[in-house]
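Please work through the following exercises with the sequence and the model in view. Each task is followed by a solution in steps.

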Amino acid sequence: MRLILFGPPGVGKGTQAKLLSAHYRIPHISTGDMLRDAAVSGSELGKKAKAVMDAGHLVSDEIMIGIIEEVLKSGKCSKGFILDGFPRTVPQAESLTEMTKKLKTPVDLVVNMEVDDKIVIGRLGKRLSCIQCGKIFNRDLDHLNDPTKCPSCGGRLVQRDDDKPETVRKRLMVYASSTAPVKEYYKRLGLLKTVDASGNVKEVQRLILSTVGKA
């Protein structure tokens with residue numbers, strides 16, 4: 001099973017990807033985690049990505065595709081994968097299609113998770129990020145004993161500026177304008193399926209499993 005989870009920030013892609021990963025026993029490939037892993041790996045692409053991120057810039061499509069290719073070539077993806085956070089533009093989607101064709105690992109389905117903007121704003125208001133390891137938690141869902149301390153590394157948990165309501169509204173506008181063409185791209189390929197992600201975690205999981213099962 002090779003899936004892409006698609007949707008706006010705060011829709012619950014990371015949460016559902018983890019559940020799907022456990023259900024299908026295939027790896028969840030988060031672009032954020034992947035970049036962090038590449039940066040500490042010491043590989044040539046990892047060094048390039050680290051230099052770009054340290055300078056505060058966005059990693060180029062070429063580097064990103066190269067890192068994804070390295071991950072998909074690895075043994076851990078032999079039975080499939082769940083890609084979360086990529087692609088975000090049509091050129092990225094086209095590059096991913098070419099790369100997965102070359103590796104003979106074509107994407108089976110793109111699950112488009114949709115939800116009302118008000119729900120996204122409310123969800124992101126509950127999100128906390130570790131300033132040390134970068135992991136993200138939810139005040140309600142992760143049942144944190146101490147909402148100021150990361151349960152993974154002990155680092156300080158904070159609400160990122162880009163998770164505050166005004167910033168989230170701007171992020172959603174950018175997402176809508178930049179990703180609409182990507183949805184059309186996958187729709188033309190016959191890979192796009194949309195699910196209502198406004199329910200609770202278990203409800204959304206059932207919808208996604210049902211959608212994947214029919215693909």
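**Exercise 1.** State how many helices and strands the chain has, and why it counts as compact.

*Solution.* Step 1: the chain holds 8 helices and 8 strands, where helices (H or I, at least four residues) and strands (E, at least two) are DSSP runs numbered from the N terminus. Step 2: its radius of gyration, taken over C-alpha atoms, is 17 Å, close to the 17 Å that the globule rule gives for 215 residues, so the chain is as compact as a globular protein of that length. The rule is 2.2 Å times the number of residues to the power 0.38.

The model is predicted: local features need pLDDT of at least 70, side-chain atom pairs count only at pLDDT 80 or more, and totals for chains, interfaces and linings use all residues. Residues are numbered from 1 along each chain as its sequence is written, and side-chain values use heavy atoms, without hydrogens and water.

**Exercise 2.** Determine what share of the residues is buried.

*Solution.* Buried means under 20% relative accessible area (1.4 Å probe, protein chains only). By this criterion, 41% of the 215 residues are buried.

**Exercise 3.** Describe the largest nonpolar core and the contacts of tyrosine 186.

*Solution.* Step 1: a nonpolar core is a set of buried Ala, Val, Leu, Ile, Met, Phe, Trp, Tyr and Cys residues joined through side-chain atoms within 4.5 Å. Step 2: the largest has 31 residues, and Tyr186 is among those with the most contacts inside it. Step 3: helix H4 (61–73) is one of the elements that supply at least two residues; H4 gives the most, with 7 residues. Step 4: leaving aside neighbours within four places in sequence, tyrosine 186 is in contact (heavy atoms within 4.5 Å) with residues including Ile4, Pro87 and Leu192.

Technical notes. Buried means under 20% relative accessible area, exposed over 50%, partly exposed in between (1.4 Å probe, protein chains only).
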